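Q: Please take me through one part of this structure closely, and then on to whatever else deserves a look.

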Amino acid sequence: MSSTIEAPSALARPPAPASGPEYDFIVVGAGSAGCVLANRLTAGGRFSVLLLEAGKRDWYPWIHVPIGYAKTMFHPTWNWMFKTEPEPTMNGRQIYWPRGKGLGGSSSINGLIFIRGQREDYDHWASLGNAGWGWDDVLPFFKRCEGNSRGASEYHGADGPLSASDIGRPHELVDAFIAGAGEVGIPHNDDFNGATQEGAGYYQLTTKNGLRCSTAVAYLKPARGRPNLRIETEAMVHRVLMDGRRATGIEYSKGGRTMVARARREVVLSAGGLQSPQLLQLSGIGDPSLLAEHDIPLVHALPGVGENLQDHLQVRAIFRCAKPVTTNDDLRSLTRRFGMGLEWLLRRSGPLAVGINQGGLFARAMPHSRTPDVQFHFATLSAEMAGAAPHPWSGFTMSVCQLRPTSRGTVRIKSNDPRQAPAMQPNYLSTELDCETTVAGLKLARTIAATHAMKDYTLDEYRPGPDARSDADLLEFARNHGATIFHPVGTCRMGTDRDAVVDPQLRVNGVDGLRVVDASVMPTLVSGNTNWPTVMIAEKAADLMLADAMAAAAT
């Protein structure tokens, strides 16, 4: 989505230029979903696509090195660096929310983890009235996008553009973590995306030959030479242009000039869970009272826009390690750093090729849960916050995440200026279930750290620390130190009820020629990382859009 170039006055909202180039489809946002759409919609050569991206081309070398996650976490060129509003449920803190800016979007800066979620997540979507979104419906699209290094199987694809690779070298600390989980009844799981998610094991990563496989690399790079695809970077979108209740194009700015592009068939918002609802609101589609507050003419009343915000909260249990085997130790040593760099340059392997989190766990922390309700990201590294400089001592981290939070928040514009970030209010830990599950997850982390398998590695607990003894202490720790794990979704919710923003074909309810295709359409969070589910949504949306376009062309 947008960038820092000049835009019209926040109050003036001058009329758009009368005309502009025409395309069959205009896609806003070249992130995890937009790159997929740009590829699939242009593949047959029949339809033209304009892809608009506020950020730059993905030339920064650290985007492509898996461990470069730490270099982009606070980089204003590649990261929107959003912050939430002060959170009453988090003791008034503003939570830092990194989001990708540039080709590939958040797939160019994320933690690389290949997770789809549970079968039950998608069957739940279908049960809410979203026909065609059950597990049996979406599995073929997951397999179509997947190029798994293990080959094809009942659950996996081998020929898709998005690569999933094994971590090439085991780590003794991760092995101890997996063994410790086994001691407390959590089985070893070699494939979190197979028959069952439950268990502990190594993650597969979205990498290929030791390099990040973003959607810009997997989908956009092969399509760039097509004559029916135009890619505009550093293009800040202001609003969707409307003729009555039909979307007809996009107004945006590039190089200080206000520009217009027209869509013969559809405009598609793929700007993500925060900026797609912002763009709808800026375009006059949303809660009438919010739009009136910011002097935006009402086009269509749709109060659900920006509601239903959900995110995974991570609470990081940090331990001092009794052995100098952690990534902290690697990074403190000039010799080890040189060896890491040389190994990656010569072999595309070693610590630089695997990212931050290697080990994973999905478990049932609450006694009533029928499927895993918490996820751990296990890192052979520790720092004050994700992406910050490592501690000056040996450390490891178990990041605890409740999979299906029941807290709900909002995304709402603060003005009619597209350059101003919207107000993001996630309302973390605002329900009893979320509080109880988070505390139970922290207790599970402590239990695993105390197992026989981990005893030779666990020197002591740095956080929450020995003073956090009661459930109330652990909950207060979560409120003081919890942070996003980068999965905001749900703000343009798919459904068939009156409050849904898009229908099961991802068309904006009550508006023609406009769809939303990204994580914002998820009715509820999936049980795990959201990048691959977002790619699946875009794969399925491309089929829906092409079918509609072909049917319209035949009449």
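What volume does the second largest pocket have?

A: Happy to: about 420 Å³ is the volume of the second largest pocket. This is a predicted model, so local features need pLDDT of at least 70 and side-chain atom pairs 80 or more, while totals for chains, interfaces and linings use all residues. Residues are numbered from 1 along each chain as its sequence is written, and side-chain values use heavy atoms, without hydrogens and water.

A pocket is an open set of points on a 1 Å grid over the protein atoms alone, with protein on both sides within 12 Å along at least five of seven lines; lining residues have an atom within 4 Å of a point. Points join across faces, edges and corners, and probe spheres set on them fill the volume.

The pocket has 26 lining residues, and Ile 167, Gly 168, Arg 169, Gly 350 and Val 354 are the ones nearest its centre. At least two lining residues come from strand S8 (207-208), and at least two from helix H10 (327-332); these are DSSP runs (H or I, at least four residues; E, at least two) numbered from the N terminus. The lining divides into nine nonpolar, 12 polar and five charged residues (Ala, Val, Leu, Ile, Met, Phe, Trp, Tyr, Cys and Pro are nonpolar; Asp, Glu, Lys and Arg charged; the others, Gly among them, polar).

The largest cavity has a volume of about 100 Å³. Its lining includes Gln 310, Asp 311, His 312 and Leu 313, along with Gln 402, Pro 405 and Ser 407. Pro 426, Tyr 428, Leu 429 and Asp 434 also line the largest cavity, and by class its lining has five nonpolar, four polar and two charged residues.

Elsewhere, Val 36, Leu 37, Arg 40 and Leu 41 of helix H1 meet residues of helix H14 (heavy atoms within 4.5 Å). On the H14 side are Val 535, Ala 538, Glu 539, Ala 541, Ala 542, Met 545 and Leu 546. This contact has nine nonpolar, no polar and two charged residues.

Arg 463 and Pro 464 are joined by a cis peptide bond, with omega about 5°; Pro 464 sits in the loop between strand S22 (458-463) and helix H13 (471-481). Asn 91 is not a glycine, yet its phi is positive, about 60°, and Asn 91 belongs to the loop between S3 and strand S4 (96-97). For context, most residues other than glycine have a negative phi, and most peptide bonds are trans.

How values were computed. 1 Å grid on protein atoms, 1.4 Å probe; cavity = no way out; pocket = protein on both sides within 12 Å on 5 of 7 lines; lining within 4 Å.
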